[in-house]
Amino acid sequence: MSRTTGRVTIADIAARAGVSIGAVSFALNGRKGVSAETRTRILAVADELGWAPASAARSLAGAKTATFGLVLARDPRNLGVESFYMQFLAGIETELSLRNHGLLLQVVPDLESELETLRGWHKARRVDGVIVTDVRVDDPRIDYLAKTPALPAVVVGDPSVAEGLTTVGTDDATAARAAVRHLVELGHRRIARVAGMVELAHTRIRDDAFLDEMRILDAEPIVLHTDFTPAEGVEATRSALTAPDAPTAIIYDNDIMAVAALGVAAQLGIRVPDDLSIIAWDDSVLCQHTYPRLTSLSHDVVNFGAHVARRLFDVVGGAAPEADLDSTPVLRPRESTGPARP
């Protein structure tokens with residue numbers, strides 16, 4: 001079917017798709033209110049007709065929005081307690097504010113919605129570039145962005161999961177190995193890892209490094225996957241500590257789960273670090289104000305966010321794809337780790 005020659009309106013799209021104008025508006029703006037099937041049909045019709053909003057038409061003439069985009073598939077109720085993202089966003093904002101740019105942040109329920117939002121932003125020319133986090137194994141967003149160079153992107157993660165795109169990441173494998181060595185040197189032989197979501201690429205990288213280092217050091221590994229929330233961190237911790245062969249040390253994939261674990265240990269009458277050693281990841285202010293203070297894998301998350309923003313400015317400006325290593329998290333021993341009991 002040929003594209004129309006005149007100015008296409010949402011009424012034209014609604015008529016062609018057999019839906020209401022309101023449904024078209026929801027679909028084109030990436031908002032809830034229509035089913036995935038209806039949204040897909042509407043977007044296909046819009047593309048077929050060559051639709052673009054007035055702002056997009058202006059953008060085609062070379063105008064910029066002075067806005068970067070970030071989509072997160074998260075429960076909004078949990079986002080506020082996740083210290084990593086609070087610091088990461090602060091770092092992005094510090095760099096954007098220096099250049100009079102803004103950040104368009106959208107929280108969605110799942111990966112499919114993330115991809116739909118990116119497509120909608122691109123069609124509407126809502127943003128000049130995007131930041132992609134929480135990269136999955138075989139992530140469809142990476143494939144889409146690799147085929148859509150008109151939507152500049154920086155991927156937060158290892159270059160192995162985003163070939164052909166600019167990446168900024170941390171050396172999580174080296175950090176995971178350092179945590180294992182620290183605990184083994186303290187005499188721990190049965191060590192658990194309370195990890196994030198198994199489908200995330202950085203979880204896989206940490207898992208693989210943890211398991212390999214445990215094998216090298218002839219220690220007994222336990223891996224429990226969660227969604228990074230305190231609730232699932234509590235559940236995983238309780239499960240590990242009440243098992244017949246409970247670990248004497250646990251490494252957590254973020255700091256909020258490690259903080260929650262202190263409460264579980266106290267409820268079970270398990271002393272930290274006398275009976276159980278704990279290591280957190282990210283080293284937010286929480287780690288330094290618990291009792292006992294938490295040993296943590298530390299890196300500057302605010303600076304990490306700023307680094308990502310700077311690279312996106314470079315990509316928008318035409319820089320070639322490049323893989324940047326921001327940092328390697330460094331182990332900061334504190335009172336939550338100690339020698340294993342004989």
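Helices (H or I, at least four residues) and strands (E, at least two) are DSSP runs, numbered from the N terminus. Welcome to a predicted model, in which local features need pLDDT of at least 70, side-chain atom pairs count only at pLDDT 80 or more, and totals for chains, interfaces and linings use all residues. Residues are numbered from 1 along each chain as its sequence is written, and side-chain values use heavy atoms, with hydrogens and water left out.

**Figure 1. The protein chain as a whole.** Of the 342 residues, 51% are buried, where buried means under 20% relative accessible area, exposed means over 50%, and partly exposed lies in between (1.4 Å probe, protein chains only). Among contacts with a separation of 6 or more, 71% link residues 24 or more positions apart; a contact means heavy atoms within 4.5 Å. The accessible surface comes to about 15200 Å², and carbon and sulfur atoms own 53% of that. These areas come from the Shrake-Rupley method with a 1.4 Å probe, and for residues only the protein chains shown count as cover. The chain carries 35 positive and 45 negative charges, whose mean positions are 5 Å apart. Here Lys and Arg count as positive and Asp and Glu as negative, while His and the chain ends are not counted; each charge is placed at NZ of Lys, CZ of Arg, CG of Asp or CD of Glu.

**Figure 2. Strand β8 and its partners.** Two strands pair if DSSP finds at least two bridges between them. β6 and β8 run parallel and are joined by four bridges, with Arg 193 standing opposite Ile 251 in β8. β8 also pairs with β9, in the parallel sense and over three bridges; Ile 250 has Ile 278 in β9 as its bridge partner. In a regular strand the side chains alternate between the two faces of the sheet. Both faces of β8 are covered, with Ala 249 and Ile 251 buried on one side and Ile 250 and Tyr 252 buried on the other.

Figure 3. Strand β9 (residues 277–282) runs parallel to strand β10 (residues 295–298), and four bridges join them. One of the paired positions is Asp 282, whose bridge partner in β10 is Ser 298. Most residues other than glycine have a negative phi, and most peptide bonds are trans. Asp 283 is in the loop between β9 and β10. Its phi is positive, about 60°, although Asp 283 is not a glycine, and Asp 283 counts as buried at 10% relative accessibility.

**Figure 4. Asp 134 in its loop.** This aspartate is found between β3 (129–132) and α8 (140–146). Phi of Asp 134 is near 50°, a positive value in a residue other than glycine. Asp 134 has 11% relative accessibility, so it counts as buried.

**Figure 5. Arg 177 and its surroundings.** Arg 177 lies in helix α9 (residues 172–185) and, at 23% relative accessibility, counts as partly exposed. Leaving aside neighbours within four places in sequence, Arg 177 is in contact with Ala 209, Asp 212, Glu 213 and Ile 216. Arg 177 and Phe 210 are 33 residues apart in sequence, yet 5.9 Å apart in space, C-alpha to C-alpha.
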